[in-house]
Amino acid sequence: MLESSAPGTIDDVAMREALRLAAHAASLGEVPVGAVVVLDGIIIGRGFNRPIGGVDPTAHAETVALRQAAAYLGNYRLTGSDLYVTVEPCTMCAGALVHARISRLVFGTREPRAGAVVSTARVLETAGLNHRVSVVEGLMADEAQRLMQGFFKERRTAAPSAEV
């Protein structure tokens, strides 16, 4: 279910923090994705992509933020919490939202290759799931998209050209 987000709310604060975390990921050479978990207006989990630095294929921004929030609450169920992420989650992360019982997902920009909420699949709408996550798409999408495009443009520019 897609909903809209009101400007000047916790949504803006949380997404700004996610964008800050995404920029930090980029500074470390990681794909610039940031995420925060919010419960009752308080950020209880933060994460940025770090599969390279963490040598962990599951260390996506979303899973890092979910782990931190679960540790904070002392419970793997994050009922009533919202997840804010700069880029549409992949299949793994979408599944984690269901298992954590996230109430609402707010994401910035679509991920046309691996996004599993609206782009390549609609994992959160899978029949038979025992939990539903509402979805808000497009909050600060331009900023999130600029971070991603800038990161990959810089990587292409820095890569040595192949000579034959």
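A residue counts as buried when its relative accessible area is under 20%. By this criterion Cys93 is buried in the predicted model, because its relative accessibility is 0%. Cys90 is also buried, since its relative accessibility is 17%.

The cysteines were examined for bonding. A disulfide is a covalent bond between the sulfur atoms of two cysteines. A search of the whole structure finds zero disulfides. For Cys90, the closest cysteine sulfur belongs to Cys93, at 3.8 Å. A disulfide requires sulfur atoms within 2.5 Å, so the separation of 3.8 Å is too far for a bond. Cys93 likewise takes part in no disulfide, and its nearest cysteine sulfur is that of Cys90.

Two packed helices are described by the angle between their axes and the distance between the axes. Helix H2 spans residues 61-73, and helix H3 spans residues 91-100. Their axes come within 9 Å and cross at roughly 20 degrees. Angles under 35 degrees count as roughly parallel, and H2 and H3 are therefore roughly parallel to each other. Their crossing is left-handed.

The contact draws on residues from both helices. H2 contributes Glu62, Thr63 and Leu66. From H3 come Met92, Cys93, Ala96, Leu97 and Ala100. By class, the contact of H2 with H3 has six nonpolar residues, one polar residue and one charged residue. Glu counts as charged, whereas Leu, Met, Cys and Ala count as nonpolar. Cys93 is thus a buried residue, because its relative accessibility is 0%, and it belongs to the H3 side of this contact.

Technical notes: Residues numbered from 1 in each chain as written. Predicted model: local features only at pLDDT ≥ 70, side-chain atom pairs only at ≥ 80, totals over all residues. Heavy atoms only, no water. Buried < 20%, exposed > 50% of the residue type's maximum accessible area, 1.4 Å probe, protein only. Axes fitted to C-alpha atoms, helices over the stretch in contact; angles between N-to-C directions. Helix = DSSP H or I, 4+ residues; strand = E, 2+ residues; numbered from the N terminus. Parallel < 35°, antiparallel > 145°, perpendicular 65-115°, else oblique. Left-handed = near helix turned anticlockwise from the far one by under 90°. Contact = heavy atoms within 4.5 Å.
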